Amino acid sequence: MISDKRQELLAENLVGYSIKAGKGDKVWIDIIGDCGRLPECIIRAVYRHGAMPFVNIVDKRILREVLNGTDEKQLEIWARRDMDFMDKMDCYIGVRGDVNSYELSDVPSEKMRLYDRLYLEPVHSERRVAHTRWVILRYPTTGMSQLAGMSTSAFEDYYFDVCCLDYEKMGKAMQPLVELMNSTDKVRIVAKDTDLTFSIKGIGAVKCAGGCNIPDGEVYTATVKDSVNGYIHYNVPSIENDFKFENVRLEFKDGRIVNASANDSLKANELFDTDEGARYVGEFAIGVNPYVTKAIGDILFDEKISGSIHFTPGCCYDDAPNGNKSALHWDLVLCQTPEYGGGEIWFDDVLIRKDGLFVIDELKGLNPENLK
């Protein structure tokens with residue numbers, strides 16, 4: 001059992017640091033699955049900060065039954081209810097405690113696309129992301145331990161190392177990368193079966209150091225929408241809509257995905273056909289969390305792998321906008337450490353990272369030995 005002390009510390013970090021809850025703030029606490037005693041700890045922390053907790057609890061097995069029978073009318077009513085509620089909130093904390101990461105894997109694809117488009121996009125992409133101070137995290141369940149291939153005890157230790165590092169220190173170390181990205185035009189990504197070029201000129205970079213995700217550790221921007229050309233082979237598996245995709249390979253021409261393959265190419269292309277924006281990229285990010293060194297099958301961890309990038313088809317973020325809108329935001333990860341085959345990142349024809357390590361002096365503070 002995870003100690004109360006660890007859970008209380010994490011809850012305080014979420015409420016006091018991540019969302020910075022204050023007197024009179026209304027906080028939506030969204031609990032999906034088995035999250036131990038962390039919800040209780042969060043509620044107490046919210047009250048300590050003078051804010052008001054509003055709790056929503058979802059069981060994924062029940063959600064599966066709802067989605068299996070849903071239709072457009074039901075989803076629109078459901079979304080209107082929760083959009084109205086979200087509009088009243090100042091802050092949002094989402095805790096996901098998956099016992100089975102594949103619980104929704106047999107919900108028909110057309111139902112999941114409806115859910116993404118009619119519920120998740122308006123409630124979360126348009127309301128929560130744009131108008132609240134929010135943070136999302138996973139809870140270390142036995143299911144996550146199995147997914148990571150670790151004992152429950154070892155995974156819990158790993159989880160709290162990853163989630164409770166010194167984010168203030170990380171944020172300071174990120175600033176030179178933010179400044180460099182803000183002044184960069186042309187980016188080239190090279191790795192095994194990957195040669196991709198695009199522009200990030202004028203988009204703006206955002207550092208993520210414990211504010212919106214726990215664990216955290218990335219700097220993101222977006223591509224100039226029509227600038228992406230080449231191909232990328234993602235070497236980290238991705239669970240999307242509770243299906244495990246592997247060996248996703250995308251080819252781009254003038255910003256658009258013109259060819260997509262995976263272990264299930266049909267399912268992958270169904271996602272990219274969600275809407276027009278799903279075939280364009282909404283995010284380019286560089287992962288730097290020193291404690292995340294390998295994929296465990298959960299995107300909140302995998303996209304933070306030190307030495308990785310994620311290159312995300314779908315909707316952009318409002319604070320790094322490229323104009324692309326979509327119900328999809330699919331974070332797909334390419335790791336460039338030697339264990340994953342290596343690789344390079346070039347900014348305006350200057351090599352900035354090789355085989356997962358930054359090689360220019362102003363960015364070496366983001367290498368793992370300097371962040372731990």
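How much accessible surface does the protein have, and what share of it belongs to carbon and sulfur atoms? I looked it up: the total is about 15,400 Å², and 50% of that belongs to carbon and sulfur atoms (Shrake-Rupley method, 1.4 Å probe; for residues, only the protein chains shown count as cover).

Ground rules I noted: this is a predicted model, where local features need pLDDT of at least 70, side-chain atom pairs count only at pLDDT 80 or more, and totals for chains, interfaces and linings use all residues. Residues are numbered from 1 along each chain as its sequence is written, and side-chain values use heavy atoms, with hydrogens and water left out.

Overall build next. I find eleven helices and 20 strands (DSSP runs numbered from the N terminus: H or I, at least four residues; E, at least two). The radius of gyration is 20 Å against 21 Å from the globule rule for 372 residues, so the protein is as compact as a globular protein of that length (taken over C-alpha atoms; the rule is 2.2 Å times the number of residues to the power 0.38). Of the 372 residues, 54% are buried (under 20% relative accessible area, 1.4 Å probe, protein chains only).

Then I zoomed in on α1. Helix α1 covers residues 4-18 and reaches 20 Å from first C-alpha to last, close to the expected 21 Å (1.5 Å times one less than its number of residues). Its buried residues are Q7, L10, A11, L14, V15 and S18. They fall within an arc of 120 degrees seen down the axis, so they line one face of α1 (directions from the helix axis to the C-beta atoms). Just after α1, I see K20 with a positive phi of about 50 degrees.

Terms used. Buried < 20%, exposed > 50% of the residue type's maximum accessible area, 1.4 Å probe, protein only.
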